[in-house]
Amino acid sequence: MSATDRAPHAPFAVTGARVFDGERVVEGVAVLVADGRVAGLVSPAEAHAPEVVDGRGGTLLPGLIDAHAHPTGDALALAIRFGVTTELDMFTVPERLGDQRERAAARDDLADLRSASTGATVLGGHPSQLIGLSFREQFPVVTGPADAARFVRERVAEGADFIKLLIDDGTATGHPSPTLTEETARIVVATAHEHGLLAVAHATGEQNALSAVRAGADGLMHVPMDRPPEEKAVAEIRDAGVFVVPTLVTMGSMAGDLTGQDVADDPRARPLIPADWHANLCRCWQFGGPGSLRNARDVTAALHRAGVPLLAGTDAADVGVLGTAHGVSLHQELRLLVECGLSPVAALAAATSVPADRFRLADRGRIAPGLQADLLLVDGDPTTDITRTLSVREVWRRGRRLGD
Ligand SMILES: [Zn+2]
């Protein structure tokens with residue numbers, strides 16, 4: 001059957017595997033799949049299906065969600081090889097969004113996506129430095145409070161699933177740049193909320209992150225890295241009820257402190273990574289400024305101790321945006337989250353049920369009856385050893401096995 005054939009596929013059961021259901025480990029169950037959905041978690045004796053997948057020695061997980069990515073070109077095909085079945089696109093341009101969406105809807109051998117479309121920023125503000133690299137030409141911007149609502153309405157009309165705003169004066173990277181004022185940001189957020197959409201913010205420095213929180217943003221799409229954690233700032237983020245997507249792999253790359261070489265050269269990953277992406281993973285930026293991976297990790301750890309919900313995301317974009325690659329970088333991010341104090345189970349939830357809940361993706365992120373059968377089977381037990389997520393045995397999207 002071809003990957004583009006959307007005819008229903010045969011029901012199957014996965015037996016003998018440990019099951020991580022998105023929140024916790026469930027032992028001694030088989031998972032039944034029919035019509036592209038999870039039909040039930042049953043006792044092994046009840047696992048009657050035309051096809052039985054022997055999961056012994058492995059762990060079955062919900063397909064992973066990368067809560068911060070920028071899929072273009074072949075990104076969604078690369079992501080799904082590593083068990084990432086959904087990417088949340090945090091900045092794109094409309095023509096690219098349409099293309100990625102159509103392909104993801106038609107094919108089960110690509111990850112799915114949700115998108116902010118174009119994020120709200122000012123002329124010359126982040127990510128304008130990527131014009132010529134990730135973007136061919138100037139994208140729409142917000143000129144001030146008077147046209148902030150118009151900007152959001154245009155994104156809603158394009159079919160944005162959530163609204164992204166960018167507050168970055170360049171403090172963390174030592175490159176001063178113009179940015180949204182808190183007043184304009186507040187209008188962007190309020191307009192998103194009027195349309196029933198989340199508003200999530202890019203910020204890489206503490207003051208910018210707090211501006212986003214004060215403007216009412218629902219989530220921070222990076223962890224601030226310009227200074228060590230400050231109790232007051234952590235408390236303000238916690239009290240506002242926002243979630244944080246640390247994107248440690250990208251913060252580390254921006255600071256010049258981290259590449260993806262370890263995962264890139266892992267024998268389980270290397271054969272799946274095209275040469276240009278492999279080279280991209282093995283490099284990093286060198287922006288300068290006070291930003292550091294150490295600060296990013298320490299702030300992430302402090303946020304976790306304070307009870308702030310953390311989501312796994314990579315900020316993987318194009319070849320040329322250094323230090324990341326789609327799919328594989330999420331596995332590196334999960335390890336970094338565990339190093340920041342999350343248990344392996346909490347890290348896995350940060351890539352499954354937590355992003356599903358926060359981004360209102362009610363049809364995925366868990367293994368539960370009625371949910372989409374986006375599944376990942378790995379060798380070993382990533383609920384006790386997070387490095388096992390990279391031991392991918394099988395991936396299914398909407399109940400279809402990758403490679404069939
Ligand atoms: Zn991004």
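I took strands (E, at least two residues) and helices (H or I, at least four) as DSSP runs, numbered from the N terminus.

The model is a predicted one, in which local features need pLDDT of at least 70, side-chain atom pairs count only at pLDDT 80 or more, and totals for chains, interfaces and linings use all residues. Residues are numbered from 1 along each chain as its sequence is written.

I then checked the partners of E12, counting two strands as paired if DSSP finds at least two bridges between them. Strand E11 (residues 163-166) pairs with E12 in the parallel sense over 4 bridges, and Ile163 stands opposite Ala199. E12 also pairs in the parallel sense with strand E13 (residues 219-220), over 2 bridges, and here Ala201 stands opposite Leu220.

I followed the chain from E12 through helix H5 (residues 206-214) to E13 and found this β-α-β crossover right-handed, that is, clockwise from the first strand over the helix to the second with the strands pointing away from the viewer. E11, helix H4 (residues 182-194) and E12 likewise make a right-handed β-α-β unit.

For the whole chain, I noted 13 helices and 17 strands, and that 56% of the 404 residues count as buried.

Notes:
Buried ≥ 20, exposed ≤ 12 C-beta atoms within 10 Å, placed from the backbone.
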